[in-house]
Amino acid sequence: MKIAPSILSADFTCLGEEIRKVEDAGADWLHVDIMDGHFVPNLTIGPFVVEAVRKAARVPLDVHLMISDPDKYAPEFIKAGANWVSVHPDTCPDPAKTLQRIRGLGAKASIAVNPDVPLEKVEPLLDHVDMILMMTVFPGFAGQAFIADVLPKIEQARKLVAARKLPVLIEADGGIKADNVDIVTKAGAEVIVSGSGIFKTPDYAVTIKKMRSAVGE
Ligand code: DX5
Ligand code: ZN
């Protein structure tokens, strides 16, 4: 299991220190939530801050674009240091083209699947992605409750990728903490995003260790 703490729940008054602490605690990636106040009703950060995060971080940056025009901005985030870029299919007129462009710019491409979107919608895109981001909350805010109804869809995604022998990772994002991470990995997710589940706990190393032992690592 790869653990990708979402820095949206970190203390931004000392972001560099938070990044160092969570990396020392065993984070594999950093998940970076980009919101534009248009595709989702919340605003976060832009490429300028991602560039600073890149300077402070050692691990790969997993940039989750919840924005209306990823075709326009994805290149800027890649330039700023994004290693993985996730886009939501409804935000691009031609998602295959967007994903190919992300790969062409040297980043790994990922397609996000909201809780109410059937997997069939992204199935035709699987040849163009390195990862499927299964949303276990509706995007927009950190700290929301995990939607367990998504679990069968994670299983379905895992089976689909296995049946087609695709080198595609499955990531789950939203409401995941040490006490429910096991059901998410059992369903087939191998990259786990956790924001408040890590940054709102007193000791990140203890929490990450708890998460790993909950899944038998
Ligand atoms: C939701 C974001 C998530 C969120 C995760 O819109 O995409 O990445 O920050 O935070 P928690 O783990 O607190 O739900
Ligand atoms: Zn996210």
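A residue is called buried when its relative accessible area is under 20%, exposed when over 50%, and partly exposed in between (1.4 Å probe, protein chains only). The model is predicted, so local features need pLDDT of at least 70 and side-chain atom pairs count only at pLDDT 80 or more, while totals for chains, interfaces and linings use all residues. Residues are numbered from 1 along each chain as its sequence is written, chains are lettered from A and ligands numbered from 1 in the order in which they are written, and side-chain values use heavy atoms, with hydrogens and water left out.

**The aromatic pair**

Select Phe 199 first: this residue is buried, with a relative accessible area of 6%. Rings of Phe, Tyr and Trp (its six-membered ring) pair if their centres lie within 6.5 Å; planes under 30 degrees apart count as stacked, over 60 as edge-to-face and the rest as tilted. A search of the whole structure finds two such pairs. In the pair of Phe 199 and Tyr 204, the ring centres are 5.2 Å apart and the planes stand at 75°, so the arrangement is edge-to-face.

**The zinc ion**

Next, select ligand 2, the zinc ion. Donors are N, O and S atoms within 2.8 Å of the metal (3.2 Å for Na, K and Ca); water is not among the atoms, so sites may look incomplete. The protein donors are His 31 (NE2), Asp 33 (OD), His 64 (ND1) and Asp 173 (OD), at 2.1 to 2.3 Å from the ion. Along the sequence, the spacing of the donor residues reads H-x1-D-x30-H-x108-D. His 31 and Asp 33 are both buried.

**Ligand 1**

Now select ligand 1 and display the residues near it (one heavy atom within 4 Å). There are 20 of these, and the closest are Asp 33, Gly 140, Asp 173, Gly 195 and Ser 196. Polar contacts, here pairs of N or O atoms within 3.5 Å, can then be drawn. An oxygen atom of ligand 1 lies 2.7 Å from an N or O atom in the side chain of Asp 173, a residue that is also a donor to the zinc ion. Polar backbone atoms of Gly 143 and Gly 175 are each 2.8 Å from an oxygen atom of the ligand.

Notes. A polar contact is a pair of N or O atoms within 3.5 Å; within protein, one must be able to donate a hydrogen and the other to accept it, and residues adjacent in sequence count only if both atoms are side-chain atoms.
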